[in-house]
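Please keep the sequence and the structure in view while reading.

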Amino acid sequence: MKVMQPLLLAEFTATSCIGTGVAPTLASLVGQRSGLTRCDFETVKIDTHIGEVAGVDAQRLPAQLQIFDCRNNRLAELALRQDGFLDAVEAAAARLGPRRIGVFIGTSTAGIMQTELAYRARDPVSGALPAAFEYGTTHNSFSVADYVRRRCRLEGPAVAVSSACASSAKVFGAARRMIQAGLIDAALVGGTDSLCLTTLYGFHSLQLSSSAPCRPFDVARDGISIGEAAAFALLERTSEKVDGDSILLHGVGESSDAYHMSAPHPEGLGAKRAMQSALNAASLEPGDIDYINLHGTGTPSNDRSESQAVTSIFGPTTPCSSTKGATGHTLGAAGALEAVISALAIRNGLMPGGIQTTRIDPTLTAHYIKENRRAAVRRVLSNSFGFGGTNCSLIFGRAG
Amino acid sequence: MKLRGYIGGIGVLGPGLNDWPQTAAVLSGKKPYAAAPTVLPIPAMLPPAERRRTGRVVKVALAVALEASSSAGADPAQLPSVFSSSGGDGHICHEICQALALAEREVSPTRFSNSVHNVAAGYWSIATGSMRESNVLCAFDASFVAGLLDAMTQITVDQQSVLFVAYDTEYPPPLHAKRPIPDAVGVAMVLTPERTAGSIAGIEVALTEESADKMTDPELEALRAAVPAARSLPLLRLLAGGVAGRVVLDYLDVSRAAVQVQPCT
């Protein structure tokens, strides 16, 4: 990709197990609090920890959108209601026109739990799924993007990006292209993934989930903790009058591993390529990055491969950490959630230390920080990688 | 900025549609359409161990991606890609949900890895050695135009050639009753920013509120209406005819895509 025009992160919000909205999210990061708890989700019987968002089941969708009702869209609804986000989108639509705002939402499993539940309630004779079960507006990957566009009354191009755990980082790339092409003037980007049995039992079957809260970069790390989250942002073109404190998206870098469906490239070649490509798009040097928010899932192979990739570009001194010890791995929502955490890091001069980790693996050469650091943070690089060997790095920074 | 570029290679697979030359003959009226179950080739481009693990969604996507990139004379390892599908692998989804409904809840790790929506893009990258970026999209019934728009923005904004692959496969019962996609359909195109020796036609895409064009043949119209990737059939018919023209393709409730084509002869 050529050098990109920076885009304004005009609004943003995030809801995960560490907070509903940005203020409690920031407070948890400052207080180094984790939202991970022992798994008691639904009827799941797995010895693991999860990052469950409080109050999702109690959410209600607007009456005219009841056909979208499922845990995933309830989580999206809960998140959209925070931080004045819905009002800000409405104001943007009034200013730019609803046709001029696109919707790009990342998800890995959307509302697949509706189908899981429907399979438990099949007709004993015919095997049919319950009549009330709706596929397109709950299970289908597009359902959450469609819900968000209808909820916000936006009429521009809309799409779900579903490339596993890189999904909601890659939405920034798709939105960037469409804004730059002039098809739209702004984009509602984000990610939503909710707890479900497919991912809890699936990662367990691959022996990739830890029984303890995940410990990224720890010498004893042994897997992920699955979390859920919804995070959204409004991306717009920058104008000359943009405030110095504003947060900009400077670069997007994407790549593929060409290696394996569920294991990262051992030397992190794909990850390295994504980070380098993001730096190129932003016209920045590695030394311009103050803090790296790692993908840092806490599996032995991910952290080893990512550490090598980071060190090969940034050397051993750029502070980096994973916030997944706090939030869990929120899968298709991780990119957007960590984009918001990156924005909070810049706005508040905070490099969030990686919690849950007690002894950093001495064989990992990246400069992993466990304690919070208060320092000026001008630019942050955030990594998201997924099954299928899909990688995406984002660079955010202060406008002034 | 206009979304404008060139089509440099096409791949097609569907019920009674075996490749682009045969599909073009059917769509231009030179051969009759004979509906038959989609024949999915074994992806010989994958290593044998990986080949065994691939389901129908990977087979259809890889087959059309390979046909399009080969006929364009493009090196697939150098092409960024856009994969757009209205659903993941329906058979895997069925197996997993069935397993989760039983007391043991034994999910196969391979099935879980292959349940991701980007499974075809992942195997394409492994098969071709491509480390280029790959965007994987879903817009339910609007998936073809959603993918086309993303691919067109890549060629216009970043001035780079891109492989665009749209594909759908059927869900088995009982999900089939809720999502009645009848069979596998795949359509792929290599899109380039500049005209090349192998360019088939110039293409320009814009949003419109006009209604989508339909197929005159009732069977092909039924296919168009039933499978999101087959929403491309009016465009393929125009390309098969080899004359300049304009078609409107189905997209979202509030908008459609107007596609203008100029053959490179």
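## Strand 9 of chain A and its partners

Strand 7 (residues 186–193) of chain A and strand 9 of chain A run antiparallel and are joined by eight bridges. Here two strands are said to pair if DSSP finds at least two bridges between them. Helices (H or I, at least four residues) and strands (E, at least two) are DSSP runs, numbered from the N terminus. Within this pairing, Gly190(A) stands opposite Phe232(A). Strand 9 of chain A also pairs with strand 1 (residues 7–16) of chain A, in the antiparallel sense and over nine bridges; there Phe12(A) is opposite Ala233(A).

The model is predicted: local features need pLDDT of at least 70, side-chain atom pairs count only at pLDDT 80 or more, and totals for chains, interfaces and linings use all residues. Residues are numbered from 1 along each chain as its sequence is written, while chains are lettered from A and ligands numbered from 1 in the order in which they are written.

Strand 9 (residues 229–237) of chain A is largely enclosed by the rest of the structure, because eight of its nine residues are buried. A residue is buried if 20 or more other C-beta atoms lie within 10 Å of its own, exposed if 12 or fewer, and partly exposed in between, with C-beta atoms placed from the backbone.

## A three-stranded sheet in chain A

Three strands of chain A form an open sheet in the order 3-4-8, with mixed pairing. Its edge strands are strand 3 (37–38) and strand 8 (226–227) of chain A, each of which pairs on one side only. Strand 3 of chain A pairs with strand 4 (residues 49–51) of chain A in the antiparallel sense, over two bridges. Thr37(A) is placed opposite Ile50(A) in strand 4 of chain A.

## Buried residues

Ile292(A) lies in strand 11 (residues 291–293) of chain A. Ile292(A) counts as buried because 30 other C-beta atoms are within 10 Å. Not counting residues up to four places away in sequence, Ile292(A) touches Val310(A), Phe314(A), Thr318(A), Cys320(A) and Leu381(A). Contact requires that the C-beta atoms of two residues, placed from the backbone, lie within 7 Å.

The largest nonpolar core has 235 residues, and those with the most contacts inside it are Leu235(A), Ala61(B) and Val64(B). Such a core is a set of buried Ala, Val, Leu, Ile, Met, Phe, Trp, Tyr and Cys residues joined through C-beta atoms within 7 Å. Leaving aside neighbours within four places in sequence, Ala61(B) is in contact with residues including Phe83(B), Trp124(B) and Gly186(B).

## Where the two chains meet

In total, 51 residues of chain B are in contact with 56 residues of chain A. Helix 7 of chain B gives the largest share of the side of chain B that touches chain A, seven residues.

The axes of helix 7 (residues 167–180) of chain A and helix 7 (residues 143–157) of chain B come within 9 Å and cross at roughly 65°. Axes are lines fitted to C-alpha atoms, for helices over the stretch in contact, and angles run from 0 to 180 degrees between N-to-C directions. Ala174(A), Arg177(A), Met178(A) and Gln180(A) in helix 7 of chain A meet Asp150(B), Thr153(B), Gln154(B) and Val157(B) in helix 7 of chain B.
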